[in-house]
Amino acid sequence: MGRLLRLQIVGLLVLGLGVGTFGLASCGGVEEDEGTLTEALSENALEHANGHASFQRCGTPEHGPDEVARIDGEVARHLNGSSAKGGGGGGTPPPVVTGGTIGVYFHVVNQGAGIENGDIPDQMIADQLARLNVAYAAWGWQFELLGIDRTTNATWYNGCYGNTSVITAMKTALRQGTAQHLNLYSCNPSSGILGYATFPSSYASAPKLDGVVLLHSSLPGGSAAPYNLGATATHEIGHWMGLYHTFQGGCAGGDSVSDTAAEKSAAYGCPINRDTCTGNRYPGVDPITNFMDYTDDVCMNEFTPGQDARMDAQFSAYRYGK
């Protein structure tokens, strides 16, 4: 198992969580019509074109409603002590991991010497870990660097997004640890992608592919302004811990978290008081300061208790002890 995660564990009843905290139903079930979706996409494209078109915030594939429901059901059954495949229950609920120290293996993939070729210095990595620890500290999670390795391979460096064979080769050669360990890869994803991640539910079927890939210049001190303060890693690790985008599902909701306000589309820049889902059915302005939106790094500064509960539950079901 290598160096093990140091964990904080409480029982489900002590934690006080109900299935609704991270169940799909808690996010509502109102569908948007085609016109509303078209409007959202147009608005999203306009905002993205306004000064941020050179980057795509996230390349993590979105789970559809059926997959979200399946995963949430598995997690709920796990926390209730029943089989993940739908057993009858009656077992002792397992412990819920509510925090701990996650060991990190950092893989620097470059195409030559120098930051411009992806060979980032150790200090940028240290600064990134420090930013992660600030972002996750309130929720009981910390990150400890276990090792850095460096690989000069131009094919991996430039093919680390969208090329399945290259990604598989890179991760198979470099990944270390267990489901509880975080593997970070810095490289040069194509199409302006800042980063992407695998979800906890994917680990069992493809353990070697587990981890987070980052544009090297998105780390603190990099050149990918306004996305160069380290929030890309925070965002992608949110996915790695089981979170969805705050705007998934639009105004109908779809992030399986009840305390993130509904949001029609991704936000860019830092549009204070943006409110794309109005009326009594959708209380609250858009969660533009949430790490799981698409705003500039300087704008992002929070998770919510509901997101924390989901991260704890997902880690417990899919990563703890694996």
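**Learning to read a predicted fold**

Q: Is that link left-handed or right-handed?
A: The thing to look at is the torsion about the S-S bond. For Cys-251 and Cys-277 the torsion is about -90 degrees, so this disulfide is left-handed. Both cysteines sit in the loop between H7 and H8, 26 residues apart, and their pair links distant parts of the chain.

Q: How many disulfides does a search of the whole structure find?
A: The search finds 3. Counting the bonded cysteines along the chain, the pattern is 1-2, 3-5, 4-6.

Q: Where do Cys-160 and Cys-187 lie?
A: Cys-160 is in the loop between helix H5 (154-158) and helix H6 (164-174), while Cys-187 belongs to strand S4 (residues 182-187). The two are 27 residues apart, and their pair links distant parts of the chain. Their disulfide has an S to S distance of 2.1 Å. With 100 degrees about the S-S bond, this link is right-handed. Cys-160 has a relative accessible area of 0% and is buried; Cys-187, also listed at 0%, counts as buried.

Q: And what links Cys-270 and Cys-299?
A: These two form a disulfide with their sulfur atoms 2.2 Å apart. The link is right-handed, with 70 degrees about the S-S bond. Cys-270 and Cys-299 both lie in the loop between H7 and H8, so their pair ties together parts that are 29 residues apart in sequence. Look at the accessibility as well: Cys-270, at 37%, counts as partly exposed, whereas Cys-299 is buried at 3%.

Q: How far is Ile-272 from Cys-299 when I compare C-alpha atoms?
A: Their C-alpha atoms are separated by 9.3 Å, although the residues are 27 apart along the chain. Ile-272 is found in the loop between H7 and H8. With a relative accessible area of 58%, Ile-272 is exposed.

Q: Now the rings. How many aromatic pairs does a search of the whole structure find?
A: There are 9. One of them is formed by Phe-247 and Tyr-294, which are edge-to-face: 4.9 Å centre to centre, with 80 degrees between the planes. The cut-off to remember here is that planes over 60 degrees apart count as edge-to-face. Phe-247 and Tyr-294 both belong to the loop between helix H7 (231-240) and helix H8 (305-318), 47 residues apart, and the pair links distant parts of the chain. Both of these residues are buried.

Q: Is the pair of Phe-291 and Phe-303 stacked, edge-to-face or tilted?
A: Stacked needs planes under 30 degrees apart, and tilted is what remains between that and edge-to-face. Phe-291 and Phe-303 have 45 degrees between their planes and 5.0 Å from centre to centre, and they are tilted. Phe-291 and Phe-303 lie in the loop between H7 and H8, so the pair ties together parts 12 residues apart in sequence. Phe-291 is buried at 6%, and Phe-303 is buried at 4%.

Q: Which residues do ring pairs link into a cluster?
A: The cluster contains Tyr-136, Phe-143, Phe-291 and Phe-303.

Q: What lies over the face of Trp-240?
A: Here you look for a charged group above a ring. Arg-319 lies over the face of Trp-240, at 3.8 Å from the ring centre.

Q: Stepping back, how many helices and strands does the protein have?
A: The protein has 8 helices and 6 strands. From the N terminus on, they run β-α-α-α-β-α-β-α-α-β-β-β-α-α.

Q: What share of the residues is buried?
A: Buried residues make up 55% of the 322.

Q: What percentage of the contacts join residues at least 24 apart?
A: Among contacts between residues at least 6 apart in sequence, that percentage is 74%.

Methods. Residues numbered from 1 in each chain as written. Predicted model: local features only at pLDDT ≥ 70, side-chain atom pairs only at ≥ 80, totals over all residues. Heavy atoms only, no water. Helix = DSSP H or I, 4+ residues; strand = E, 2+ residues; numbered from the N terminus. Buried < 20%, exposed > 50% of the residue type's maximum accessible area, 1.4 Å probe, protein only. Contact = heavy atoms within 4.5 Å. Phe/Tyr/Trp six-rings, centres within 6.5 Å; stacked < 30°, edge-to-face > 60°. Lys NZ or Arg CZ within 6 Å of the ring centre and 35° of its normal. Disulfide = S-S within 2.5 Å.
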